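Hi,

Here is the structure I promised to pass along.

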Amino acid sequence: MNGLWERMLRVPGIETPPVLFQWVHQGLEPFLAQPEVFGCLRAKDVSCEEFQLVVAALDGIYSQLPVEEQRNLYSGIKHFLTQDESRQKCHSQAIPALNSTAWFRNYLGSFLEHATVEDLQLFGDEATLQKFARDPVNMEMVRNLTLLRETAPYYTLLLTSAPALPLSSLPDEFICYLSPRAVRNLSKEEIWGVAQRLGRSCLWSRGMPGGRAPSSLASQELQVASALLRNLEDFSPEVLGDLGQAALGLSVSSIQDSIPEEHLEAALPSLGSVRGWNAEQSGAIVNKLLRSGYQILDGQSLAELGTLVGGLNSSTLQSLAPEVVLEAIQLPGFAQRLEPLPSALKRTLVEKVSSRVGHPSELVKLIPSALASYIPKSLLVFGEEQPNVQDLNDKPWTRDQAAMFFSDVVKAEPDFSRLSQSVLQGFTCAAASAVGAERFQELAKVMRKKKVRRLSCLLRMVTLHGIPKDLDSYPKDLLLFLSPSDYAATGNCRQFFINIGEANVDVLPREAPRRQQLLLEALECLQVPGTQINEENAEILGRLVCDLPGEYIRSSGGSLLKDLCQCGSFLPEQEEAIRDVLSSGNTTFGPPAAWSAFTLSQLQGLIPVLDPSILQQIPQKALSTWLRNFAWDSPLSREELATIIAELLPRRHKREDGCPADKEITEEVLEDQLMPVYYTPEELRACLRNVSLENRLSQVLTYPFSNPQLAVLKEYLHERYPNGYPENLLSSLGALLPIITPEEISTWKMSSAETLAAFLRNEPQPSDSLASAAIRRYVELGNALNATALSAIGTRYVCLLNATELEAIDPASLKLASLDPSACSQETKDLLYQKAKEAFSDQHHLPAYYELILPYLGGAPAADLKALSKNNVNMNITTFVTLRRDSLMRLTPPEVEGLLGVNLPELAQWQNRAPVRDWILLQKQSELDKLHLGLTGGTQEGYINIVTPKFPASSSAPLGTVAMAFQLLPALLLSFLIVSLLS
């Protein structure tokens, strides 16, 4: 330590936080860089009492330290306390100075926030840790800390395991981490007290992969609430009203069988404010209320349902008068509770309101924020009406919605800085004329401040008069289309790539040449030697790290892992390289056999890459703890989690004649998200025989069952429903979809568009073959493809519709849906374009018409494109090259210039590719020259280009017609030559 310790002790005022803070960042820099240096204190014979002073001093400045420095200092503290491998370092019952049970306060302080379960177990055996956990001084300190997700339940377990601390004396901070076992055998008063505290103290915010509602997962809070309420016999209105969020623990059977209707109605104000009801719970409560005579006659009676509105079925909601919905949404309490409603119900509420509101400005004002994104974009065209900018600013819009009114807004609001991020994202090339060329730089700078990611033609307009010298004032994403030389007036190449690393690189597809070029330029700028990237350069590269080839990942060892965790997906060679690095054990995470749950949480972005050879090395306890405490907040899909579950199951499955006595499927098991871990497929089959999943299916199917287990669940459903699944199950089949066949769908009931929508919105979404079967079944049963059905079909499935189904679409319904048939057959594009043209015919004279018709332009005839070319639409090149081929070939160069507008220069990049190349061959070179793009290949004056016709393999033209064309060709050429000579 070279006297560092002694010098620190001699510093005047070292015991005060300001002086110590300065010393930590100057004299104690080695501690922050290398936590092992704390071991030198042991070599200097620093006593436990003296070390307490160090910890106390560091604890005094804990809140001022960045999280990374907190972790480093904690690592040093841990190193000091565990370096001699003693399990009870600085604690001894026999030594008075070391027998204090306030050990956490004395030797860890606030740094306890960074301790994992494995760390705590290094500090003492379970009996000793129990004493530490229950010490009043430690408990008071922990009240003000945020323990790691895995550590908090373990600390709670130390408090509640035998001999258990009375739950009445358990701090509220630990109530949320109770286990179901901890609430067994409680008295009625204890049940009631814990349930109240559970509902009041917990966040109830844990979600599931795929963005499901908080209650769709039986998280620990829900499991405990359910365990408590199963043993509660008194469900008086007062009890129901005081449960708060703990009411989510009510089982469907309790709602149906144990709670009188009049009690539910009396407790409605409280039950309607609970967030996170699942569909079965809200449906059971609402249906029971309606059967008992509850009537929805006005907005107040609808609003009283609050968050339980999600329990209304679509037919009941459709039967309500629009005036009822209109009145309800204007009641503030009701509007605030609409967020968790299913999409189909939100869409129905919007339809009800819009049927009674004739003006966009009034509709925007009335619709609550939770419903705003469900307003059909065609209803947001203001036309001659003046928009209220403040009302628009107050609502969250999709990009397509905001594009409808952006031009109107910039005319009404000259100060771009007063526009919300939601409104600003509506900028498109078509709105360029409304902004004005002289104001594009101002708009771009505002978009950067408000973090709007909307490039389109913004770059071209910003650089219209040259590259600005203050590029740092513009959105970072614009730099993706520039080079370091373009940035030279603003900064050096290193600064350029620091900004690129913070940009959204995914604006460019991974295979895009520009994105690949950026990576090469970055490596050159950073002067990376060979294929080894250090942590500093990795930080600069940012998202570009995700594009590094496998050899860079291998050569760089563990220095890239933290950055790679943010990538989301990898190429096969990258995955192999990541596995090689992790398997080597030569990283800060160590070998897989030494990984803990906390390690897995740090690596969760790489977990989908792990193969069985790695998963099998990870301790099962670590996997189980990670699944229970971390997995549900990770971006992993159900399928990816199921892969990990499979590793926890026995390799050999014993044949089971009956359900093992200790494997009975109880209510507690059904509420446990780790249920798949407890059963082999054979055990699951045997134990499901006498169990009803009717009210649990949607919840159970979110659990990460393996494919063999899912096959067992499907068998179970077939036995229960041999004539086809009931409609209320179709929205919950996501996990089973890969093993469902189109033939099975042909037996289902689909009585409404809402049912079709619920099926098509399963997560994961149905395959094309299943979706096609569902749509066919829906139509066979006499249902119309209305706006709800079309919105559910959406762009994903619109190409599956056949000509008969397309012809049956009412243009009025298409007007309220958002489809994009650009990837469909030409026949589908043609049919939908005509339908869309009719649907939006009353808006064809408005600027927003182009945004409305844009998705359907692949079916537009030449005459309509020629008309559009006069409207300054600034069509992007991607849309242009996907126009109907025969229509595009009929356009003249001036018309193409009118269509593309500011995007015209991009035409040059396509001049050697179809269909632009073929269009050029049909134009006069003199007309092409007027575009000033350097296009070549047009017809010279006095010459004719003969383009060899390309006929499809099975031409639709009769053979006689083709033959006649060839017979006439010589005569036509001869006539042309004679006329040329005579002239």
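What percentage of the residues in the protein is buried? Of its 983 residues, 53% are buried (under 20% relative accessible area with a 1.4 Å probe, protein chains only; over 50% is exposed, and partly exposed lies in between).

Before you go further: this is a predicted model, where local features need pLDDT of at least 70 and side-chain atom pairs count only at pLDDT 80 or more, while totals for chains, interfaces and linings use all residues. Numbering starts from 1 along each chain as its sequence is written, and side-chain values use heavy atoms, without hydrogens or water.

The protein has 61 helices and 0 strands (DSSP runs numbered from the N terminus: H or I of at least four residues for helices, E of at least two for strands). As for contacts (heavy atoms within 4.5 Å), 68% of those between residues at least 6 apart in sequence join residues at least 24 apart.

S596 sits in the loop between α38 (572-584) and α39 (597-602). S596 counts as buried because its relative accessibility is 9%. Beyond its neighbours within four places in sequence, S596 touches E118 and A622.

On the α41 side, the contact uses Q620, L623, S624, W626 and L627; α42 supplies L641, I644, I645, E647 and L648.

Cheers
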